[in-house]
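Here is a short note to read beside the model. Keep the structure open and follow the points in order.

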Amino acid sequence: MSDTTDPLVTVFGGSGFLGRYVVRSLARRGYRIRVAVRRPDLAGFLQPLGTVGQIRGVQANLRYRESVERAVSGAVAVVNCVGILSPSGRQSFEALHAAGAGAIAEASRDAGVQKMVHVSAIGADAQGASGYQRSKAAGEQNVFSALPDAVVMRPSLVFGPEDEFFNRFASMARIAPFLPLIGGGATRFQPVYAADVGEAIARAVDGQARPGAIYELGGPEVLTFRECMELMLEVTQRKRHFMNVPFSLAGTMAKLGGALGMGPLTPDQVRMLRHDNIVSAQAVAEELTLRGLGVEPTALEVILPTYLQRFRQAGQFTKIAA
C-alpha cells in the first residue's frame with residue numbers, strides 16, 4: 001500500500017507515450033503520483049506500475065485553469081509531458097504547448113510547488129519554420145517567466161514501443177514498395193529511448209538537475225533519416241526501395257495527405273525535417289545531457305527489435321518459419 005505521507009508529484013500527460021515512462025520512474029522512487037489527463041478513465045493501465053493507491057488519475061484540461069489548479073494542489077513537484085505532433089480542433093500547438101505550459105507553471109507557482117520539469121523538444125525556436133518549434137519555444141518562455149528555476153528537457157526523436165515514428169514507417173513498409181526519403185533522407189537525428197528520458201525527468205524531480213537549466217537529451221549515436229529507415233528495414237527483415245522526395249514536393253504531398261486523412265507526415269513536420277535534430281555541442285560541453293544527469297543512453301539497435309518484430313513477415317516466428 002502507498003503511504004499517504006509520501007511526497008506527491010503531479011504528471012500532466014502521464015498516460016501518453018513519454019508520460020508512462022515518467023510515471024514508472026517516479027513510482028520506483030516511492031513518490032505518490034497524480035496523473036492529470038483529460039480522460040482519467042483511460043489511464044488505469046498505469047496503476048500496475050506502482051503499489052496499491054500509489055498512482056491515481058485525475059481529470060485536467062489545460063484550457064480550463066480551475067482543473068489545472070486542482071491537479072497541482074498539494075504536489076511537491078509537477079512534470080509537464082503534454083505534447084502533440086499535429087493539431088486537431090481545439091487541441092492546437094498554441095493551446096497546449098504554449099498557453100497550456102504557462103497555465104501549469106503559473107498554477108504551480110501559486111500553489112507553492114517546489115519543482116517543475118517541463119518537456120520541450122530539440123529545435124524549439126521562437127523564429128522556427130514550423131508551428132511546432134515556435135509553440136515549444138513559447139512554452140519554455142512561459143514556464144521560465146512563472147518559475148525561473150524550472151528545468152526544461154529537450155529530447156531529440158524519442159523511440160519506444162509506442163512511438164509514432166518507427167512504428168509508422170514499419171507499418172508502411174509492410175505494404176508500400178518504396179519508402180520516401182524527405183529531402184534525400186539527410187536530416188540527422190539522435191534517437192533517445194523513452195525510458196532514458198523518463199529516468200532523466202525523475203532525477204530532475206529528485207533535485208539532481210540544475211535549476212533553470214535546459215537539458216538536451218539524445219541517444220548514443222547520430223543517424224540520418226535514411227540510416228533510421230535502413231535500420232528499421234533490417235530489424236523487420238524487409239527489403240524496400242527508397243525514393244528521394246524534395247522538400248517542396250514532400251510539403252505538397254503532406255498537404256494532400258492531410259486533406260485525405262492519409263500520409264505519414266504533416267506539412268509542419270516536413271518543415272522541421274529541413275533542420276537536424278541533435279544535441280548541441282554547447283549542451284555537451286556544459287554537461288546538460290543525459291550523461292550529465294548520470295543516465296547512460298540506450299542504443300537504438302538494442303530496443304528496436306523488441307517491438308518492431310511484429311512487422312516481420314511472420315512476426316516473432318519469422319526466423320523459425322524460414
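1. Which residues of helix 11 (residues 300-308) are buried? They are L300, I303, L304, Y307 and L308. Buried means under 20% relative accessible area, exposed over 50%, and partly exposed in between (1.4 Å probe, protein chains only). Helices (H or I, at least four residues) and strands (E, at least two) are DSSP runs, numbered from the N terminus.

2. This is a predicted model: local features need pLDDT of at least 70, side-chain atom pairs count only at pLDDT 80 or more, and totals for chains, interfaces and linings use all residues. Residues are numbered from 1 along each chain as its sequence is written, and side-chain values use heavy atoms, with hydrogens and water left out.

3. Back to helix 11. L300, I303, L304, Y307 and L308 are its buried residues. They cover an arc of only 115° around the axis, so they sit on the same side of helix 11. The arc is that of the directions from the helix axis to the C-beta atoms. The face turned away from the buried side carries V302 and T306, which are exposed.

4. Now the aromatic rings. The structure holds ten aromatic pairs. Rings of Phe, Tyr and Trp (its six-membered ring) pair if their centres lie within 6.5 Å; planes under 30 degrees apart count as stacked, over 60 as edge-to-face and the rest as tilted.

5. Ring pairs link F165, F166, F169, F189 and F225 into a cluster.
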